[in-house]
Amino acid sequence: MQNLIKRIIGIGVIVLLIVLAFKYCQFKKDDDSGIDYNTNLIQQQILNVGKLVVTEGHFSEVITYKNQQKYLMNMISFEKKALIVVNANVTVAYDLHKMKYDIDEKNKTITILNIPKEEITINPDIQFYDVEQSKLNPFTGDDYNKINKSVKANLAKKIENSTLKINAQNRLISELSKILIMTNSMGWKLQYNGKTIESETELNQDLKL
């Protein structure tokens with residue numbers, strides 16, 4: 001009788017251990033599935049953010065171009081000049097498809113490794129008015145190249161002194177903050193340059209653009 005009781009107890013213990021082992025494996029499976037699910041959500045959000053962020057601006061300017069050709073020890077000169085009106089469309093873009101990042105599932109951390117530099121595109125429309133020239137000093141392709149180069153250099157300075165690049169960076173921060181909001185809501189961390197980013201203000205301060 002005692003042997004039977006011992007056998008029943010032994011079988012009960014074995015069954016209990018099997019049940020506990022099954023429950024543990026099921027828990028691990030559910031837990032791993034949760035991590036995979038979170039990772040998929042994060043990757044999808046980054047894909048959604050990964051787009052071309054474009055900020056547009058318009059600049060206008062009026063330039064007077066003059067050039068002289070002198071002959072006979074500068075006693076005779078032939079001048080050419082023109083009034084130039086420039087209207088330029090400018091775009092500042094961040095291609096977030098090129099952003100590099102790392103996802104650490106174990107530590108629930110997203111690390112931004114690299115943010116692409118801005119891409120500035122200048123498309124000037126140059127119109128010539130009041131053109132004056134002579135046969136000995138006509139407008140040539142070299143003049144147009146010099147004018148185009150000068151116009152783009154001047155526009156580049158205007159862009160630097162304008163709010164266009166700042167507005168473009170603000171739009172970039174707005175897009176990246178979507179990742180920050182998502183990581184915070186899911187209990188993950190966002191890191192950049194070895195620092196954990198906890199707010200949009202820190203994101204704005206710590207990004208090296």
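Buried means under 20% relative accessible area, exposed means over 50%, and partly exposed is in between, using a 1.4 Å probe and protein chains only. This is a predicted model, where local features need pLDDT of at least 70, side-chain atom pairs count only at pLDDT 80 or more, and totals for chains, interfaces and linings use all residues. Residues are numbered from 1 along each chain as its sequence is written, and side-chain values use heavy atoms, with hydrogens and water left out.

**View 1. Lysine 165 pairs up with glutamate 160.** Their side chains meet in a salt bridge, 3.0 Å from N to O; the term stands for a side-chain nitrogen of Lys or Arg within 4 Å of a carboxyl oxygen of Asp or Glu. Lysine 165 has a relative accessible area of 16%, so it counts as buried. Glu118 joins Glu160 and Lys165 in a network of salt bridges. By this rule, the count comes to seven salt bridges.

**View 2. Here's helix H3, residues 164-185.** Helices (H or I, at least four residues) and strands (E, at least two) are DSSP runs, numbered from the N terminus. H3 has 22 residues and spans 32 Å from its first C-alpha to its last, close to the expected 32 Å at 1.5 Å a residue. That expected span is 1.5 Å times one less than the number of residues. Buried residues in H3 include Leu172, Ile173, Leu176, Ile179 and Leu180. An α-helix has 3.6 residues a turn, so residues three or four places apart point the same way. After H3 comes glycine 187, with a positive phi near 80°.

**View 3. Aspartate 143 meets lysine 80 in a salt bridge.** The closest N and O atoms are 2.5 Å apart. This pair links distant parts of the chain, 63 residues apart: aspartate 143 sits in helix H2 (residues 141-161) and lysine 80 in strand S2 (residues 76-95). Aspartate 143 is buried at 3% relative accessible area, and lysine 80 is buried too, at 4%.

View 4. Lysine 98 is partly exposed, with a relative accessible area of 46%, and glutamate 119 is partly exposed at 33%.

**View 5. Now for threonine 111, in strand S4 (residues 109-114).** Threonine 111 and glutamine 191 are 80 residues apart in sequence, but 4.6 Å apart in space, C-alpha to C-alpha. Leaving out residues up to four places away in sequence, threonine 111 touches Lys100, Tyr101, Asp102 and Gln191; contact means heavy atoms within 4.5 Å.
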